[in-house]
Amino acid sequence: MISERRLLRAEPDFGLLTKLWRINWLYVLLLCALAGCGYVALYSAGGGPEPYAWRHGLRFGFSLVMMLSLAMVDIRLVARFSWPIYAAALALLVMVLKMGHVGKGAERWLELGPVQLQPSEIMKVALAMALAHWFNRASWARVGNPLFLLPPALAILAPVALILKEPNLGTAFITGVVGLSVLVGAGMRLWQMAILAIPVPFLATVAYHHLHDYQRARITTFLNPESDPLGAGYNIIQSKIALGSGGMWGRGFMQGTQAHLNFLPEKQTDFIFSIVAEEWGLVGALALLTLLLAIILGGMLVALRCRHQYGRLLALGISVNMFMYVFVNVAMVVGAIPVGGVPLPLVSHGGSAMLTVMFAMGLLMSVHVHRDVVFPDKRDALD
Amino acid sequence: MKQEGTRNGVFTRRALLLMAGQTAALGALGVKLYRVQVEQGARYATLADSNRMSARLIAPPRGRILDRFGEVLAGNSLNWRALFLAEQTTDVAGTLAAFDRIVSLEDHDRARIERDLKHNRRFIPVTLKEFLDWDQMARIEVNAPDLPGVFVDVGTTRRYPFGPDLAHIVGYVAPPSDADLGLDPVLALPGVRVGRAGIEQFREEELRGDAGEVQMEVNAVGRIIRELDRTEGSPGDEVGLTIDVALQRSILAQLGDTAASAVVMDCTNGEVLAMTTTPSFDPALFDSGVSQAQWNEWTSDRKTPLINKATAGVYPPGSTFKMAVGLAGLRCGAITETDRISCPGYIDLGDTRFHCWRKHGHGSQDLHGALKHSCDVFFYEVARRAGIDAVAQTANQFSFGVDTGVDLPGARRGLMPTTAWRRRHGHVWTVGDTIGCGIGQGFVLATPLQLATYVSRIATGRAVVPHVTRTITGTLQTGAKPDDYPVLDVPESALQLVRAGMFAVVNEGGGTAPHARLGLPGMQLAGKTGSSQVRRVSRWAREHGHFNSAQLPWEFRPHALFVCFAPYDAPRYAVAVVVEHGNAGADVAAPLARDIMRDTITRDPARRTVAPGQSVASG
């Protein structure tokens with residue numbers, strides 16, 4: 001067991017102050033701005049600081065401290081716990097299936113005392129960590145070996161299968177994409193990707209037949225929302241109405257009729273973007289989208305700037321995860337893909353999502369702070 | 001290290017490609033946003049407005065009904081009621097139990113509350129109890145902490161201060177039926193009532209008023225958030241009646257528990273000053289729905305409390321019809337003013353013998369004497385000479401068998417037969433039929449209101465139309481002045497002869513109704529008795545002297561009638577009284593009519609603008 005002190009001793013000029021200095025404060029500022037947008041939108045959704053905005057701000061403050069503390073932790077120490085964290089997340093996923101809290105017909109939540117956990121959210125980060133660790137010292141040639149890719153493929157499939165069983169289609173999809181993106185970043189060959197792509201249509205057909213009725217309804221109503229305006233198509237139509245009523249310049253802060261009159265279901269969580277678009281118009285919506293893009297690309301830049309493979313792949317996975325959140329949520333709100341329970345990171349109301357996103361951001365910052373550290377050539381050397 | 005270089009190079013390339021892909025994907029969403037928000041924005045914005053706007057009607061207050069001196073006969077009173085919002089309590093059953101302890105609930109209340117709670121959304125209030133008194137309200141307010149979600153609210157309910165006294169004229173209101181709902185959207189509003197009888201029904205259009213409209217902002221489940229716009233409706237018109245409620249009540253007191261009807265009319269213009277029917281009913285009971293037991297009680301009562309006997313009760317007019325027959329005879333030339341007819345006590349037609357009420361006859365007499373003694377034979381003969389069609393032609397002018405034009409629903413026309421009418425029913429009119437009609441028996445039927453109209457027309461010579469509406473929102477309606485009515489097509493001399501005959505009935509020695517003398521200085525009453533059989537008296541009974549109508553079962557006794565007008569030399573008031581199965585008109589109806597007339601003349605409502613009692617009180 002190594003201590004952080006021993007690692008730091010290897011690089012004597014790497015003190016706490018230096019670490020703080022090396023944090024990308026501009027990036028932190030962007031995160032604060034995003035959470036600020038969330039505060040404003042939730043303020044409007046709740047008609048005041050209660051019941052959403054105030055708690056959102058408090059949670060963000062707490063998460064920010066956690067994130068900055070995490071950024072101070074040496075990335076090599078984090079890397080050591082990649083697989084244990086993955087294993088724990090997998091265990092939680094199994095637990096949620098056994099004794100999870102059923103919300104909206106799906107088992108997603110685990111109640112641990114006062115904290116509600118959504119293990120699938122933790123899993124996405126844990127998966128990126130585990131895969132980054134797997135490929136950390138793998139050479140270019142080794143990655144080309146299909147047998148070497150088999151364990152990480154299983155590491156992706158296991159949580160995806162468990163999340164599908166909950167069932168949470170959206171998160172399972174995102175988890176799969178995050179895992180795949182790490183594989184791609186790690187140097188998976190093009191022909192391997194091509195082989196993977198072949199069974200996709202077949203799997204999709206099989207999957208469709210195993211979908212729950214409500215999920216199938218979402219797909220059919222997505223194709224033609226007006227077919228069932230009061231049932232499954234209601235969310236899509238009302239969300240579009242909210243967007244349309246916002247127009248170019250929006251109805252103004254607290255003036256959105258769709259959200260305030262409760263026509264929008266789950267306005268404070270999945271459909272928070274609709275509130276922003278209705279009250280601040282296309283201008284506001286595009287501004288928020290640009291801010292999100294900046295955070296995603298910022299994460300990618302962290303990956304590009306990093307000099308070790310673990311940090312690169314972890315940063316990539318975290319950024320892709322962030323991107324998938326944003327893409328699936330906004331696409332759902334504008335009616336471009338079927339609805340799934342995916343929140344907008346740092347904007348939607350919800351403690352579990354906030355914590356896991358900020359946990360991931362802490363890891364990202366840790367990668368950035370420790371971008372130049374050197375992983376010892378051999379694992380034993382660290383012991 | 002070369003391998004690491006390849007690995008890093010591939011990572012950089014792929015990461016940059018991924019970044020480009022991410023930017024493109026979010027860019028595509030931006031384009032999609034533009035389409036939905038701007039290009040199709042107008043369409044969706046309209047949808048958003050139709051989502052949230054909801055127009056609601058507001059019920060106008062129903063117009064009041066007043067008597068001729070402004071006394072309120074039908075008004076709206078505040079109805080304090082306890083409502084309950086289920087969403088404001090966590091324990092619905094507990095709150096209801098607490099309410100039950102504080103203000104006890106009936107079993108049917110509980111059943112209704114349970115049903116409403118099941119049907120209504122949780123934010124729509126359910127009525128717990130209506131018509132709370134101060135005591136109950138105080139108890140609810142004091143116990144408010146134990147009654148979360150319970151609140152007291154005020155609505156309106158129709159109030160009839162005089163209850164049964166005017167039930168048949170004013171009528172009553174009831175919740176609209178499904179058929180009504182299609183006619184006017186106002187009727188769908190809670191608490192709105194529709195006139196179901198009397199003036200409430202006849203003047204429904206004026207009384208109802210116009211609904212206002214409120215534009216509401218509602219949320220997804222229909223809860224009202226706020227008011228956007230409001231246009232006030234106009235309340236219903238105030239209808240002023242010709243009725244003098246004090247006179248009405250004094251007449252009712254005199255009629256007592258008989259099944260009777262009395263109509264007092266201003267004979268110069270047809271204004272109905274009082275129109276009483278006994279027994280009566282409480283119109284307020286209809287407001288919230290009549291119980292089956294109450295309904296059965298009313299409909300099985302042989303004194304028919306629900307029927308307005310004044311306008312819908314039809315009776316053979318009996319001897320009161322004799323003026324019409326006499327006028328018909330004069331008018332068509334069947335008799336002259338001085339012709340005399342001899343009465344031996346009967347008249348034979350073929351092998352049928354028609355009796356006079358006086359077994360030994362009246363001897364020879366003219367129209368004046370025949371009216372005075374109410375001689376049957378004289379009018380048998382006049383009717384026989386004139387023929388039924390000529391009688392009907394004149395009688396129609398006095399409203400027999402025709403619509404009086406009264407402004408009340410359900411008024412009946414009675415029956416004035418003609419040969420054509422008889423033929424339509426597949427029979428041949430016989431002279432015997434005519435003779436029966438000559439004394440107001442047989443087929444002839446009339447309502448008390450028609451009788452009052454008849455006397456008014458005799459008294460004034462004008463075709464006055466009876467009516468109970470005097471003003472609408474203070475505007476005097478046409479028909480208030482004598483000149484509004486045409487002069488009858490009957491010679492004035494004939495009318496004067498008949499009036500003199502009616503005068504003689506009461507005021508000359510030997511007249512049939514000496515009890516009806518008015519007893520007021522300088523004023524005389526002219527009238528005519530009538531008692532109409534509801535059962536044919538057999539010859540056997542008559543000849544053996546066994547006929548005593550007072551011993552008959554109630555429903556077989558003859559009706560007692562009296563019609564009159566006063567003062568004789570300047571006619572102003574006409575009174576018609578019918579006492580169902582009251583036996584002889586002279587004994588029962590005439591004194592009643594006299595007292596009513598005395599009352600009327602003393603109060604003199606037609607010539608006053610302020611009720612007599614009121615002027616004293618305010619002066």
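Predicted model: local features only at pLDDT ≥ 70, side-chain atom pairs only at ≥ 80, totals over all residues.

Colleague: How is the size of an interface expressed, and what area is buried between chain A and chain B?

Modeller: The size of an interface is often given as the accessible area lost when the parts come together. Here the area buried between chain A and chain B is about 3,900 Å², and carbon and sulfur atoms give 71% of that area. The contact draws on 57 residues from chain A and 37 residues from chain B.

Colleague: How many salt bridges and how many residue pairs in polar contact are counted between the two chains?

Modeller: Between chain A and chain B the count of salt bridges is zero, whereas nine residue pairs are in polar contact, with both residues at pLDDT 80 or more. On the side of chain A that touches chain B, at least two residues each come from several helices, among them α10 (169–186), α14 (234–246) and α17 (309–333). The largest share of that side, 14 residues, is supplied by α16(A). Sorted by class, the side of chain A that touches chain B holds 37 nonpolar, 15 polar and five charged residues.

Colleague: Taking α10(A) as an example, how far does the helix reach from its first C-alpha to its last?

Modeller: An α-helix has 3.6 residues a turn, so residues three or four places apart point the same way. With 18 residues, α10(A) reaches 26 Å from its first C-alpha to its last, which is close to the 26 Å expected at 1.5 Å a residue. This helix is mostly covered, since 13 of the 18 residues of α10(A) are buried, and Gly187(A), which follows α10(A), has a positive phi near 110°.

Colleague: Turning to chain B, what share of its residues is buried?

Modeller: Of the 619 residues in chain B, 51% are buried, and the chain has 23 helices and 21 strands. Among contacts in chain B with a separation of 6 or more, 73% are between residues 24 or more positions apart.

Colleague: Is Gln365(B) buried or exposed, and which side chain is joined to that of Gln365(B) by a polar contact?

Modeller: Gln365(B) lies in strand β16 (residues 363–365) of chain B. Gln365(B) counts as buried because its relative accessible area is 4%, under the 20% cut-off. A polar contact of 3.1 Å joins its side chain to that of His373(B). Leaving aside neighbours within four places in sequence, Gln365(B) is in contact with residues including Asp339(B), Arg340(B), Cys375(B) and Phe378(B).

Key:
Residues numbered from 1 in each chain as written. Chains lettered and ligands numbered in written order. Heavy atoms only, no water. Contact = heavy atoms within 4.5 Å. Buried area = accessible area lost by both parts, 1.4 Å probe. Salt bridge = Lys/Arg side-chain N within 4 Å of Asp/Glu carboxyl O. Polar contact = N/O pair within 3.5 Å; in protein donor to acceptor, adjacent residues only side chain to side chain. Helix = DSSP H or I, 4+ residues; strand = E, 2+ residues; numbered from the N terminus. Nonpolar A, V, L, I, M, F, W, Y, C, P; charged D, E, K, R; others polar. Expected span 1.5 Å × (residues − 1). Buried < 20%, exposed > 50% of the residue type's maximum accessible area, 1.4 Å probe, protein only.
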